[in-house]
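Dear colleague,

Please find the structure below, handed over for your records.

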Amino acid sequence: MWFFTKKIIGFQLPKLLKESSVKRQTVNYEKAERIGILITLSDHGKQNTVDDFINHFSADHKEVQVLCYDKRRAKNKIFGYLQFSDLDISAFGKFKAEHLIDFVNSRFDYLIHLDTESNEVLDKVLTLSQAKCRIGCDIPAHHSYYELMFRSETLYDLCELIMRYVRIVSTSEEEAEAS
């Protein structure tokens, strides 16, 4: 049954992208307050990299919220972050879990997707997100999901690139008001 749910989500994505009314813009890093991080759980090796990445933002006094997608349909308590699995999605692709819905509706200054591969479920989260600026890995199929993309083969390299370039993002007040 999950095969059909993924197909349904895949059919929903173009319409959701077209109907999105969220005003996307690049946010001055110094003024950014809330950062969301979205990642797929696959192994415990990711945790140290993600923890270090979060610590950089916390050191800069940014509020960070992490949401992990666990494809294995199991709740993994090791990561300690908000998690959801396929069980939190209806057969028709609707999000059922309250914490997932809250994450999607949160107004992040930056929403950072840390996966280097495409995934329909997280694409839907990105599409429905209320984030001002969505950031992720440069995957050809993802160009409409991000305002800022980086080419990277590994999670560690992606985190390094994002930290380096997001910290230097600055927009003048006139540019921000004009857009």
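A residue counts as buried under 20% relative accessible area, as exposed over 50% and as partly exposed in between, with a 1.4 Å probe and protein chains only. Helices (H or I, at least four residues) and strands (E, at least two) are DSSP runs, numbered from the N terminus. The model is predicted, so to speak of local features requires pLDDT of at least 70 and side-chain atom pairs count only at pLDDT 80 or more, while totals for chains, interfaces and linings use all residues. Residues are numbered from 1 along each chain as its sequence is written, and side-chain values use heavy atoms, with hydrogens and water left out.

Helix H4 (residues 120-128) is largely enclosed by the rest of the structure, because seven of its nine residues are buried. Among the buried residues of H4 are Val-121, Leu-122 and Lys-124. Lys-124 also lies over the face of Phe-95, at 5.3 Å from the ring centre; for such an arrangement, NZ of Lys or CZ of Arg must be within 6 Å of the ring centre and within 35 degrees of the ring normal. At the start of H4, a side-chain oxygen of Asn-119 comes to within 2.8 Å of the backbone nitrogen of Val-121.

The structure contains five aromatic pairs, that is, rings of Phe, Tyr and Trp (its six-membered ring) with centres within 6.5 Å; planes under 30 degrees apart count as stacked, over 60 as edge-to-face and the rest as tilted. Phe-150 and Tyr-165 form a stacked pair, 5.8 Å centre to centre with 25 degrees between the planes. This pair links distant parts of the chain, since Phe-150 is in strand E6 (residues 148-150) and Tyr-165 in helix H5 (residues 155-166), 15 residues apart. Phe-150 is buried, at 9% relative accessible area, whereas Tyr-165 is partly exposed, at 37%.

Ring pairs also join Tyr-29, Phe-53 and Phe-57 into a cluster. The charged end of Lys-62 sits over the ring of Tyr-29, 4.6 Å from its centre.

His-61 is found in the loop between helix H2 (45-59) and strand E2 (63-70). Its phi is near 65 degrees, a positive value in a residue other than glycine. His-61 counts as exposed, at 72% relative accessibility.

Yours sincerely

Key. A polar contact is a pair of N or O atoms within 3.5 Å; within protein, one must be able to donate a hydrogen and the other to accept it, and residues adjacent in sequence count only if both atoms are side-chain atoms.
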